[in-house]
Amino acid sequence: MAGKAISRREVLRLGAGLSAGAALAACSPAPDSVTSELIHGATGGGLKDTVDPHFPVTMPDIARVRSLFEPLLRFTPDYRIEPCLAESVEHNADATRWTFHLREGVTFHDGRPLTATDVKASLERMGDPKNPTALLSDVAPLIDFPASRAVDPHTYQLVLKQPYGIMDQLLAAYTMGIVPQDFDLAHPIGTGPFRYESLVPGQRSRFLRHDGYWDRKAGVDSLVVIDFTDDAAKVSALLAGQVHTIDNLPAYLAGAIERQGAHTLVSETGGWVPFTMRVDAKPFSDNRVRQAMRLIVDRQQLIDQALSGFGRLGNDLYGPFDPDYLGGALPQRQQDVAQARHLLKAAGHEGLQVELVTSTAVGTGGVESANLLVQQAAKAGVQVRVTKADANTFYGERYLSWVFAQDFWSTRLYLPQAIACALKTSAYNETHFDHPRFTELITAARRTTDPGRRRTLVQDAQRIEHEEGGLIIWAFANQVDGYSHQVSGLQPAREQPVSAYRFNTITLKGS
């Protein structure tokens, strides 16, 4: 849908932001050894910026690691698993032994060939029981590393102590990048389309084309990723030609930037910006309060106003592209102020007052939906006080401890997402959800290789989350990004912004 025209107030706001964008661009030295440089404006970032392939947190982190590293498998733009560094994968009857056949001719950025020994070292790093990457937090204790081995230079066999039927779903995630066996985070080396040059946390990072890349070589000589914590500065930088692409364009500006010479890229994704309620902390430790808050939300109003219509209704469950997704089959949760008041009174929380912590770092619709919730909650007698934290604070030491907050998640299938956020062992359990029966169902589902049995287990787990969970998933946002008239090669992708950050597909006119 077309965005509204930019008001005089917004013009002034964007003009003020332009100074910030110009300052960032001014910090970027003119390239002296390249003929074309793609500059991307990423939302968020801060002093904890990283290029660690296995522990990205913010949007700029994700943009960086996707440029440098690759997993064994990957997702297509329409979110189907396909080969990447592994040409094929197979498992035995009970899914305790997974064999990966590596693609030949793949080289790391320093010219060394990819081998099964590198895969072994990468999985040992990702699956370290003391510090596993998010999606391996569940399976890490089950990996039999002494028995797992490089069968030959291009074949790796992963051995598990228990059946695990969804390893392919986990290993296709962007956080599962393969690195050399002597990987050094100070000098990060991967197999991706770009190689590392520099990183200034909270500001910018720069990468050079990997000319030995096995897949589609980058159409530009270098890539720069600039952190933007202010939407006005980000949009101004795009309109001024200081960046070529931006992620998380404020949706209401989609039509307006078209009239000023830039373009929008709209992708139907499974991404979501939830309200997160800690189930182990008052007042949300009472499920009646959690249910009341879910009934307070006018989801369509949030979509219409916070997302400017660029979204689809959510029903407090994630994984809409999973074939076993149950959200559409359950009665759609809608605003019911009277029932919300009834539940709050029964729970002894009439006149409830809560703090909601948010940040521009959670992306499009975050702060806007938080402000709208204040108005919606007031109808049920609930006073919501919004605290807007900067990215360093929001994703700092207190991240995952906020009692009532927001976050952002990219598209995932249901089980990998549950493993990442809904178990006691999950790396990003914002709600501190710890439900014994739910855990039993997820454990059984990821063990089975029977699709029918898995479907039953997964849908039973979804019913528990729908009734007792701590997430308010009000919508799945259509991803709205911006790009300049110089850019070609982008296509919608369900996984993440800007063609899932596959910058190697982009070419610049005149370069």
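Below is a short chat about the fold, surface and cysteines of a predicted model.

Visitor: What are the ground rules here?
Guide: It is a predicted model: local features need pLDDT of at least 70, side-chain atom pairs need pLDDT 80 or more, and totals for chains, interfaces and linings use all residues. Residues are numbered from 1 along each chain as its sequence is written, and side-chain values use heavy atoms, without hydrogens and water.

Visitor: How many helices and strands?
Guide: The protein chain has 15 helices and 21 strands. These are DSSP runs: H or I of at least four residues for helices, E of at least two for strands. The radius of gyration, over C-alpha atoms, is 23 Å, close to the 24 Å from the globule rule for 511 residues, so the chain is as compact as a globular protein of that length. That rule is 2.2 Å times the number of residues to the power 0.38.

Visitor: And what box do the C-alpha atoms fill?
Guide: Roughly 65 × 60 × 35 Å, along the principal axes.

Visitor: How much of the chain is buried?
Guide: 60% of the 511 residues. Buried means under 20% relative accessible area, with a 1.4 Å probe and protein chains only.

Visitor: Switching to cysteines. Is Cysteine 84 buried or exposed?
Guide: Cysteine 84 is buried, at 1% relative accessible area. Cysteine 421 is buried too, at 3%.

Visitor: How many disulfides?
Guide: The structure holds 0. A disulfide here is a pair of cysteine sulfur atoms within 2.5 Å.

Note on methods
Buried means under 20% relative accessible area, exposed over 50%, partly exposed in between (1.4 Å probe, protein chains only).
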